[in-house]
Amino acid sequence: MSEAEPWARGPTDRLDLILTNAIGAAGPPLLFGLRLWASVCLALYVAFWLELDNAYWAGTSAAIVCQPHLGASLRKGWFRLIGTVVGAVAIVVLTACFPQDRAPFLVGLALWGAGCALVATLLRNFAAYAAALAGYTAAIIASDQLGATGGPNGQAFMLAVYRASEICIGIVCAGIVLAGTDLGGARRRLGTLFAGLSAEIAGCFAGTLVLAGAEFGKIQTIRRELVRRVIALDPVIDEAFGESSQLRYHSPVLQRAVDGLLAALSAWRTVAVRLARLPEAEARQQADAVLARVPEELRPRPKQDEPTRWMADPTRMLGACDAGIRRLSALPAGTPSVQLLADQTAEVLAGISHALNGLALLAVDPARPASRSRGVRRLRIPDWLPPLVNAGRAFVVIGAAELFWIVTEWPNGALAITFAAIGVILFAPRADQAYATAIGFMIGSILTVAIAATLKFAVLPNVETFASFGLIIGFVLVPAGAFLALQWRPAIFTGVVTAFVPLLAPANPMSYDTEQFYNAALAIVAGVGAAALSFRLVPPLTPAFRTRRLLELTWRDLRRLAKGSIPYTPNDWQDRMYGRFSVLPDEAQPLQRSLLLAAFSVGTEIVQLRHIALRLELSAALDGALEALAQGRCAIATARLALVDQLLAARFGASLAALRARGLILALSEALTQHSFYFDAGMRG
């Protein structure tokens, strides 16, 4: 059938095809809108049945927790629960410390918000959301117990219990609705991503060996893009944790899988650079010697769907990697260059093996049960500056809102403080997108004021049953949820979903006080507007600046590593670098990703060289070369490394340790030569 043949049908057939495609595309978003509506209705019904004071907080929590994917919703709900409890405990403790002292209480509230903003920036994904929630949950409870001009009223404990109960009801109701109507697909989606990346890295690496250093620029571009895609796995992994307690228990396996892919890319870079610098005939000979040891199963097959092939039997692919590593270890190298290529190829296969372990876990492979690593993984803190900037901004905004409230004696000032805290804490981790997100959220809140006013004063007075009430709010929540699922202006529709229920303030009996409604609406818009203004006055660090800082910090770490002032092991250095990769902005230039990958390789090579030199009693000679590197003199460092290479050849000949050390010297020298502008002066040059 030709491409034009479908359009050779009649107008009715074409219309049917268009309608079918449109319905198919609109189905999932509309289904999410219905789930959102059902979650809010169930939460409000339970809260009314329990006769809670502010039932709308249950509905608001259900609306906020709902996400288009099951795993994201459940994970967000779990962390929202944690954040709620932490925030409630914090405000109770704060009230106990300053029961009658207004000024210290308000300063303490601002400091708590700043601390939560700092932690929310340090953490990632839904853990960051929990930290943010702990900050503004305290503000929500504080707004209920403060008077017209501030000052606790001593009811913090019971208010904390009520608000936490209402929020937990919303979380549980949303979880019940979503778990009952969505089977989830994050695990399968993550498995497909791991399989695709593993297959692509293995296939492109094999292609590098086949080309023997040719087309270096093209391969380098592919590798830099793969670095970006590996970094982007993090939120998908967090979503998968929400769907499966087994994956949460084995979370170190998936973390090692991501780390393994980055290690494979680093080793691939070393191989590509080495082959590109060899004469063509020599590069071909050495590449063929190594390629012969790479199993056929790991090479691409043009007529097959590679991700599907890797997902079908990850255990067999893992066995092929292990066999390839053993064959490469037994390769009689004879020269430092061949030894380097063999060792780095083994590193590529070892990294892919870690990814295959994660893939086997995701595929629930009964033949290879996943193991869980022992010990506690340390929190990776790549850069303290962005968290500190966000914390300072949060303290100033919350403090300014509190001061404005005290001076003006605005009855709804406490609600403005709450939404200022929500905006400045919640949106801060979005970095350069924070201002646009806050503005979109404010626009959505303003639209919601008009919608909620129309419903509350023109429609709801004639409604007598909860069923009718639920049907009416569905006309707002279903389309808002559908647009949110489509990711069309998500900030605006997040504002609609978040502000709709608090503005409507459903209660039994309902209150139709227009002055109270518009005061609350003004407080919400003013609070969010203050947060948006803060992002304009104290802008977050730009992606370009954050990328330069990461490269500068990495360069400083390399200098300290070269001086030997920190007793690094390969795992310590790799863990530090994995943290840097995890926060590398998506807008980073390909060259900047390449520099970070090169620094990763150089640091690993320095650590390995130090260990070998210690065994061979050549530490003094190596220290002289590394001292030049620490001083930013790459040419001198390269010359001194050449002297160490000659010393190794003269003393130890073709022993395995000497060949490995000389191969590492080759890789280190080539990296320093290729990126001398960076290793000479960091990002200052």
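What follows is a short exchange on the aromatic contacts of a predicted model.

Colleague: How many aromatic pairs does the structure hold?

Modeller: The structure holds 14. One of them joins Tyr 45 and Phe 466.

Colleague: What makes Tyr 45 and Phe 466 an edge-to-face pair?

Modeller: Their ring centres lie 5.5 Å apart, and a pair needs centres within 6.5 Å.

Colleague: Why is Tyr 45 called partly exposed?

Modeller: Its relative accessibility is 47%. Buried means under 20% and exposed over 50%, so Tyr 45 falls in between. Phe 466, at 27%, is partly exposed as well.

Colleague: Which residues form an aromatic cluster with Tyr 45?

Modeller: Phe 48, Phe 466 and Phe 469 form one cluster with Tyr 45.

Colleague: Why is the pair of Phe 404 and Trp 410 called edge-to-face?

Modeller: The planes stand at 85°, so the pair is edge-to-face. The centres are 6.5 Å apart. Phe 404 is partly exposed at 48%, whereas Trp 410 is buried at 14%.

Colleague: How do you know that Trp 410 is buried?

Modeller: Its 14% is under the 20% cut-off, so Trp 410 counts as buried.

Colleague: Where does the charged end of Arg 223 sit?

Modeller: The charged end of Arg 223 sits over the ring of Trp 268, 5.4 Å from the centre. Arg 536 lies over the face of Tyr 435, at 4.1 Å from the ring centre.

Note on methods:
Residues are numbered from 1 along each chain as its sequence is written. This is a predicted model: local features need pLDDT of at least 70, side-chain atom pairs count only at pLDDT 80 or more; totals for chains, interfaces and linings use all residues. Side-chain values use heavy atoms; hydrogens and water are left out. Rings of Phe, Tyr and Trp (its six-membered ring) pair if their centres lie within 6.5 Å; planes under 30 degrees apart count as stacked, over 60 as edge-to-face and the rest as tilted. Buried means under 20% relative accessible area, exposed over 50%, partly exposed in between (1.4 Å probe, protein chains only). A charge sits over a ring if NZ of Lys or CZ of Arg is within 6 Å of the ring centre and within 35 degrees of the ring normal.
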